[in-house]
Number of protein chains: 4
Amino acid sequence: MDVGVWLVGARGSVATTVITGAAALRAGLAAPIGCVTEQPGFAEAGLPPIRGLVFGGHDIAGTPLPKRAEELALAGVVPARLPELVRQDLEEADAEIRPGVTPGPAGTQAEQARRLADDITGFRERRGLARVVVVHVASTEPPVPAHPAHGDLAALTEALERPGDVLPPSSLYAYAALRAGCAYVDFTPSTGVSLPALDELARAQGVPYAGRDAKTGETLVKTALAPMFADRALAVRSWSGTNLLGGGDGATLADPAAGESKKISKDRALPGILGHPVEGQTHIDHVSHLGDWKTAWDHITFEGFLGVRMTMQFTWQGCDSALAAPLVLDLVRLIARAHERGHAGAVPELGFFFKDPIGQEEHRLHAQYDLLRAWARTLA
Amino acid sequence: MDVGVWLVGARGSVATTVITGAAALRAGLAAPIGCVTEQPGFAEAGLPPIRGLVFGGHDIAGTPLPKRAEELALAGVVPARLPELVRQDLEEADAEIRPGVTPGPAGTQAEQARRLADDITGFRERRGLARVVVVHVASTEPPVPAHPAHGDLAALTEALERPGDVLPPSSLYAYAALRAGCAYVDFTPSTGVSLPALDELARAQGVPYAGRDAKTGETLVKTALAPMFADRALAVRSWSGTNLLGGGDGATLADPAAGESKKISKDRALPGILGHPVEGQTHIDHVSHLGDWKTAWDHITFEGFLGVRMTMQFTWQGCDSALAAPLVLDLVRLIARAHERGHAGAVPELGFFFKDPIGQEEHRLHAQYDLLRAWARTLA
Amino acid sequence: MDVGVWLVGARGSVATTVITGAAALRAGLAAPIGCVTEQPGFAEAGLPPIRGLVFGGHDIAGTPLPKRAEELALAGVVPARLPELVRQDLEEADAEIRPGVTPGPAGTQAEQARRLADDITGFRERRGLARVVVVHVASTEPPVPAHPAHGDLAALTEALERPGDVLPPSSLYAYAALRAGCAYVDFTPSTGVSLPALDELARAQGVPYAGRDAKTGETLVKTALAPMFADRALAVRSWSGTNLLGGGDGATLADPAAGESKKISKDRALPGILGHPVEGQTHIDHVSHLGDWKTAWDHITFEGFLGVRMTMQFTWQGCDSALAAPLVLDLVRLIARAHERGHAGAVPELGFFFKDPIGQEEHRLHAQYDLLRAWARTLA
Amino acid sequence: MDVGVWLVGARGSVATTVITGAAALRAGLAAPIGCVTEQPGFAEAGLPPIRGLVFGGHDIAGTPLPKRAEELALAGVVPARLPELVRQDLEEADAEIRPGVTPGPAGTQAEQARRLADDITGFRERRGLARVVVVHVASTEPPVPAHPAHGDLAALTEALERPGDVLPPSSLYAYAALRAGCAYVDFTPSTGVSLPALDELARAQGVPYAGRDAKTGETLVKTALAPMFADRALAVRSWSGTNLLGGGDGATLADPAAGESKKISKDRALPGILGHPVEGQTHIDHVSHLGDWKTAWDHITFEGFLGVRMTMQFTWQGCDSALAAPLVLDLVRLIARAHERGHAGAVPELGFFFKDPIGQEEHRLHAQYDLLRAWARTLA
């Protein structure tokens with residue numbers, strides 16, 4: 001039986017790249033570059049194959065997937081002729097997209113959650129799926145103020161039945177996914193599943209979840225480089241970063257409130273690895289002319305022997321959706337297998353994929369990789 | 001009993017920084033930044049303390065150490081007033097420097113080696129040292145042609161008694177050190193100890209050795225970054241590097257023959273980590289205006305999901321002697337302890353410190369660090 | 001007769017470097033690197049020689065100049081032994097420093113201005129100077145709200161006699177300088193002399209003035225590079241900049257209000273040269289570990305033929321005080337000569353030195369240089 | 001009457017981009033980005049319009065232009081659908097391409113030159129053109145050894161009638177073009193027209209010529225930036241450059257002999273602008289994965305006031321053909337008009353477009369632009 005992938009933000013750039021790419025891999029039109037779980041170390045883990053994944057999702061946007069894929073081809077995110085070659089897959093997935101939730105007078109959040117969960121269970125049944133993994137790849141939300149009902153499942157369940165918004169959309173999707181018995185992945189820095197009440201729900205439902213904020217660029221490099229300074233006893237004194245992002249993600253994050261979520265997430269790794277706070281700011285700027293590309297420039301000052309000051313800089317020029325998409329496939333395969341094997345609650349061993357790993361203090365990329373590999377062996 | 005450090009190239013920038021810095025640490029004038037073995041993980045390994053190290057060495061240059069330290073202070077490599085504050089230590093070390101070997105009619109290499117070994121044993125006895133570690137920090141030599149006597153100790157011993165040069169200077173120093181019963185470290189890419197006949201000698205003498213070519217800049221970063229691409233299944237397509245070096249090291253390496261030794265050493269890591277050859281050249285330019293500083297610019301192209309092309313660049317601006325000096329102290333402490341514990345022959349676990357680790361295929365920095373830490377625990 | 005240089009912020013890094021450097025040039029201890037007016041094209045302009053400049057100034061700080069120069073030597077801004085060699089010059093200048101104005105109950109601003117002006121005229125008379133140029137090199141102030149008295153000299157004169165602050169400190173210094181019959185230079189983005197009432201005063205007094213915000217780093221490069229894009233008809237689509245500054249200047253500009261003055265000043269050049277607004281933000285971060293150094297990273301996207309997207313990046317790593325100091329000497333020499341030749345009011349031809357040139361719309365560096373050279377010929 | 005453009009290397013990337021782009025401009029499908037002569041300052045110069053240009057040329061390659069344009073579209077050099085939209089123009093130009101000269105037994109060079117000239121005059125007559133401009137955009141050749149016949153037209157004419165090669169291919173094309181009465185442009189660093197005998201021929205024939213080696217990337221930036229250092233009296237001490245080139249051009253220049261031509265050309269500008277030689281090497285590496293893109297990294301060290309060392313770096317990431325193509329159109333328009341106005345021999349005022357301008361010592365980009373603008377006014 002196949003595994004379903006339910007994407008929240010199913011018509012966004014990341015989701016479109018995921019669906020287009022999975023179709024290309026299935027058709028033998030592309031090699032699985034960027035797919036961690038296609039490497040030798042994961043062959044024995046019993047992961048569901050990419051070719052068996054079935055796609056659907058929620059979105060508030062209406063542009064059909066074949067059209068979105070064409071746009072990405074023009075932008076150079078997917079090969080020029082690929083959308084045409086996998087058109088049928090795109091249409092099939094598009095037929096499984098249901099309207100997302102929007103703010104405004106639409107009943108209680110409990111009612112909304114029931115509708116969302118019904119969409120997902122309908123998909124699972126209609127397509128005869130063994131299980132469905134829900135992945136949140138929609139726009140980043142601002143941080144939300146704490147609410148008493150966030151800490152306790154009973155209180156939350158009750159509060160949702162009353163008028164007014166208790167949960168931000170990302171958490172409402174997570175709530176619905178868990179209610180529907182689905183594994184859940186937070187791919188963005190939005191609040192999502194990271195509330196005690198939702199952890200309680202996941203464990204009650206016997207479903208695993210993971211997050212948050214996929215590590216695809218500046219932070220990826222940071223967590224590969226910072227251990228070098230630490231292991232060599234070089235004293236990092238400042239680490240400054242500027243991120244230039246085009247596209248919709250750039251526009252969202254240029255909003256100071258949403259950008260704040262991202263910055264909090266990005267700034268966690270460094271003190272964790274170096275063992276002390278480090279001077280320096282992180283900027284996120286929207287530069288629309290960059291399109292789907294992003295550029296990060298990081299500037300690091302450090303001291304060596306006898307206090308001599310030295311400097312390192314790096315520039316990372318990547319395509320955001322192309323960096324993110326294979327990680328979605330990896331996470332789906334891994335967490336679906338974990339679900340199958342009976343894991344419930346947070347899966348800290350998936351921290352390798354995230355800027356702000358739920359349940360894991362380890363930020364060093366290579367150590368996260370070792371943890372992931374070891375855990376994958378237990379799935380066999 | 002104290003441990004001696006015999007530096008081949010004892011009046012060079014690296015050696016002067018080592019001796020000045022050790023004196024500063026002893027006097028409490030500086031923190032041990034850059035000293036790997038001063039980190040918590042090495043506290044139980046029974047390493048000889050830095051404050052007990054006693055310095056001497058060979059050099060063909062005559063400028064006294066206090067003068068050399070003043071020059072380094074003017075260049076910003078050591079703090080402005082430090083040479084004055086540790087003048088006595090510098091003078092003591094300078095009194096233990098003996099003339100190195102120079103090409104020309106000076107008897108057989110066997111005679112030269114005996115004189116070199118006598119210098120070292122004289123130092124050990126005069127200063128009442130438990131043991132002496134010899135570290136080669138002299139200028140890089142060109143690669144040498146193979147010679148039949150390099151492969152066998154008996155043949156080598158015989159050949160050295162005949163007129164003519166069988167060994168390059170770096171290997172003659174290594175031969176003398178081993179004959180004198182000293183542990184040996186190859187800090188440069190010169191041939192040094194890396195000949196089968198010398199390995200045989202080290203094992204016969206019961207002394208450990210390690211090398212070669214300390215990893216202090218571009219290659220250090222390379223071996224921290226390349227695993228990131230490998231673990232994320234990103235396909236590195238090219239890796240190009242330009243190294244701008246001032247100072248004497250820059251001038252030496254600007255000579256194509258010596259530069260060749262360095263390039264061979266630098267180019268080993270990448271295919272080892274990525275598992276396939278990678279397009280791209282490595283340049284080493286002499287830029288005298290950089291003084292003791294070096295700048296490396298690396299440009300990497302890689303493919304992500306569906307073949308999308310992306311780019312990473314980094315610039316590393318470091319002070320060569322300041323990066324090298326603490327590693328000399330680390331290596332001395334570790335190999336002295338290994339000697340004490342009876343290790344003989346190559347110590348592959350010291351690969352963390354080298355571009356071209358003798359006896360070790362592992363080039364990933366973090367994995368080398370894990371190996372080093374595990375080995376250090378066995379020294380306790 | 002000699003020319004006096006009265007520095008507002010006389011114990012700051014820029015002023016200390018100016019005074020130390022002028023002494024070094026006088027004593028033949030340094031070449032005039034960075035001094036535009038020491039180049040051949042200015043030999044005929046009749047400028048006062050650097051060796052004849054006499055220094056004094058206002059400051060609210062009390063650390064004596066010889067001590068400040070030692071600090072700069074430790075930081076590598078001036079050569080290590082220079083402060084000692086020019087100690088007498090530093091002490092002489094320090095003896096001519098008078099307390100600056102501080103906020104709080106100190107009488108009316110008119111009274112303060114009279115005291116400031118008396119300090120300057122006392123200096124001129126005591127030292128028998130032909131004329132004095134006042135240069136504002138104190139910390140950047142936030143932008144100030146408009147005040148009706150700023151637009152008219154009579155109204156201003158009257159308002160200053162009343163309690164309360166009508167002028168920010170930078171403008172009060174400018175007012176006092178003009179009242180004292182001195183030429184005036186605004187070296188920072190603070191309001192300073194750039195008020196209609198002060199322009200009226202300068203013309204009434206027959207003294208020249210120039211400003212503002214010396215162009216020493218990122219903006220200098222911007223105004224050299226942007227004409228390349230314009231002349232080649234390449235369409236610049238975004239220009240993003242991050243400035244990392246250590247030292248006191250960095251701390252001041254990290255304050256959003258003061259940083260705003262600087263950003264406004266920095267952002268003027270680009271639309272002026274390209275003829276259209278350009279996407280992109282400019283960040284100014286304080287990174288204390290950089291000390292007196294600053295690093296700017298600029299990232300430019302542009303379109304070429306048929307809309308192909310291309311990118312340029314640059315990194316500028318400079319020593320702020322060393323970049324600023326020779327320009328202070330240049331401006332003093334040029335405006336002193338202009339004063340001698342009877343120029344009154346703004347001198348737009350000095351725009352070459354400024355980010356936000358008063359009275360000049362031209363921002364292209366080379367065109368500004370041509371204007372400066374042509375004007376210098378008229379001074380002969 | 002229209003103007004013809006005869007491209008030597010007519011099926012190369014630059015030529016294909018020129019022809020595709022001119023068709024796009026003619027059809028109103030693109031704006032003239034990168035076209036210097038479409039800017040306001042050139043409106044009065046009486047230049048032939050781009051829409052009236054007619055294309056043909058020589059090439060030794062056989063791939064038809066529509067196919068070449070498709071390849072460039074896939075590589076992102078021209079917009080994805082453009083080749084299809086201008087297919088008719090591409091086919092028309094392709095029909096005017098004749099075989100180039102190849103080494104080997106093909107009669108004397110005089111015979112070859114007559115055939116080449118006949119191809120061009122045939123084109124001119126067949127298409128009823130007022131005049132034809134020949135532009136050399138074929139692969140870079142190695143420098144050629146001097147030959148006595150290069151210095152004198154009579155000697156050259158005689159030598160060409162004998163068996164054996166007197167001229168490199170680039171010069172043979174130039175010879176043929178001049179014999180055919182055509183203006184000539186050397187777009188590459190090959191020897192081409194830059195021989196005294198060919199200058200004599202051009203003047204005898206009354207045709208203008210210009211060259212050489214179009215300034216499109218690293219050197220363009222160099223000649224915009226170096227004047228900044230000179231005008232500010234900052235002492236440039238080193239300037240190092242690494243150029244990574246993909247595509248056919250990269251492969252050609254990776255050959256040390258051809259790369260030498262390019263380096264000689266690239267290294268001329270700096271000493272010319274700064275007035276003194278500067279330390280530093282220029283590398284040209286072939287990185288096939290870059291495709292039609294090139295990346296240049298330049299590292300500059302300079303001294304400021306009191307000898308303080310500072311650094312600037314830049315990275316230029318451009319599409320070679322897209323940078324070159326509009327300059328071909330500019331040069332054709334300008335030299336065609338010069339031909340019409342009776343100019344004969346070298347046109348030094350076109351130096352703005354070249355790394356190694358024939359007949360011009362001025363390398364500063366802005367000064368070259370001023371010369372170009374002034375000269376264009378004389379064409380009116």
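**Close-up views of the contact between chain A and chain B**

**View 1. Strand 10 of chain A pairs with strand 10 of chain B.** In this predicted model, strand 10 of chain A and strand 10 of chain B (residues 309–319) run antiparallel and are joined by seven bridges. Within this pairing, Gln313(A) stands opposite Thr315(B), a residue of strand 10 of chain B.

View 2. Arg232(A), Phe305(A) and Leu306(A) together supply 20% of the area that chain A buries against chain B, which is more than any other three residues. In terms of contacts, 60 residues of chain A meet 60 residues of chain B.

**View 3. Polar contacts link the two chains, while salt bridges are absent.** Between chain A and chain B, 14 residue pairs are in polar contact, both residues having pLDDT 80 or more. The count of salt bridges between chain A and chain B is zero.

**View 4. Helices and strands of chain A both contribute to the side that touches chain B.** At least two residues of this side come from each of the following helices of chain A: helix 1 (13–26), helix 9 (218–231), helix 13 (320–340) and helix 14 (365–378). Strand 10 of chain A provides the largest share, 11 residues. By residue class, the side of chain A that touches chain B consists of 41 nonpolar, 12 polar and seven charged residues.

How values were computed
Residues are numbered from 1 along each chain as its sequence is written. Chains are lettered from A and ligands numbered from 1 in the order in which they are written. This is a predicted model: local features need pLDDT of at least 70, side-chain atom pairs count only at pLDDT 80 or more; totals for chains, interfaces and linings use all residues. Side-chain values use heavy atoms; hydrogens and water are left out. Contact means heavy atoms within 4.5 Å. Buried area is the accessible area (1.4 Å probe) that two parts lose on being put together, summed over both. A salt bridge is a side-chain nitrogen of Lys or Arg within 4 Å of a carboxyl oxygen of Asp or Glu. A polar contact is a pair of N or O atoms within 3.5 Å; within protein, one must be able to donate a hydrogen and the other to accept it, and residues adjacent in sequence count only if both atoms are side-chain atoms. Helices (H or I, at least four residues) and strands (E, at least two) are DSSP runs, numbered from the N terminus. Ala, Val, Leu, Ile, Met, Phe, Trp, Tyr, Cys and Pro count as nonpolar, Asp, Glu, Lys and Arg as charged, and the others, Gly among them, as polar. Two strands pair if DSSP finds at least two bridges between them.
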